[in-house]
Amino acid sequence: MREGDGFGRYARLDVSRETLESLKRLEIETLKWSAAINLIARGTESELWSRHIQDSAQLLDAAPAGFSTWCDIGAGGGFPALVLAILCRDRSPSPRFALIESDRRKCAFLKLQVAELGLSADVFNSRIESLPPFHADVVSARALASLPALLGHAFRHLASGGVCLFPKGRSWREEVELARRSWQFEFEPVPSIVDPDSAVLVIRNLRPMETDR
């Protein structure tokens, strides 16, 4: 969309009018529900489009081509998974998203959005470690835990050859160093379009650190 289309702050996302309307609808519903169940961090409501929707959308550029299954752990208010499912809705074949969230009220919000927006997604009201492995092509998490803990959760649900996508703040280098103490992996930091000090960590070939017996 261009600025002249009347979409102003939405112009940064190059998507169809229908997709943009769905994202705007998600924005409205998130603000409405968040007043009661704290879907997003308090104080970020006025920046929801950039801090949450655009920040989520950038993960799609880092995803492997042709992925068919995406597992988002600790799905929270649906960022990034709901945004990505909207962006992928018209793909053929449409990839399937799995959203894992332990909070019952947040799951109610997620399920409603999936139904009303017609998304190819399933919501699981469960702890991450309680579900059987999803063997997903992509595992993501946003604002859930430090990288060492994330890798443990992700490894359970990641397919062989799969990729992890984790948006991280300015301390991402320190988190990588800590994670290397217990995990082996290759990674690429992709600069965030939202915050120049942040990055999306693209992690491949994840495996536990070998220990001497």
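What volume does the second largest pocket have?

**View 1. The second largest pocket.** The volume of the second largest pocket is about 200 Å³. This is a predicted model, in which local features need pLDDT of at least 70 and side-chain atom pairs count only at pLDDT 80 or more, while totals for chains, interfaces and linings use all residues. Residues are numbered from 1 along each chain as its sequence is written, and side-chain values use heavy atoms, with hydrogens and water left out. A pocket is an open set of points on a 1 Å grid over the protein atoms alone, where a 1.4 Å probe fits, with protein on both sides within 12 Å along at least five of seven lines; lining residues have an atom within 4 Å of a point. A volume is the space filled by probe spheres set on the points, which are joined across faces, edges and corners. Among the lining residues of the second largest pocket are L13, D14 and A57.

**View 2. The largest pocket.** The largest pocket has a volume of about 610 Å³. Its lining comprises 29 residues, with R51, H52, D55, R142 and A143 nearest the centre.

**View 3. The salt bridge between R142 and D55.** The side chains of R142 and D55 form a salt bridge at 2.9 Å, N to O (a side-chain nitrogen of Lys or Arg within 4 Å of a carboxyl oxygen of Asp or Glu). Both R142 and D55 are buried, that is, under 20% relative accessible area with a 1.4 Å probe and protein chains only.

**View 4. The salt bridge between E175 and K168.** The closest N and O atoms of E175 and K168 are 2.9 Å apart in this salt bridge. Both E175 and K168 are buried.

Terms used. Buried < 20%, exposed > 50% of the residue type's maximum accessible area, 1.4 Å probe, protein only.
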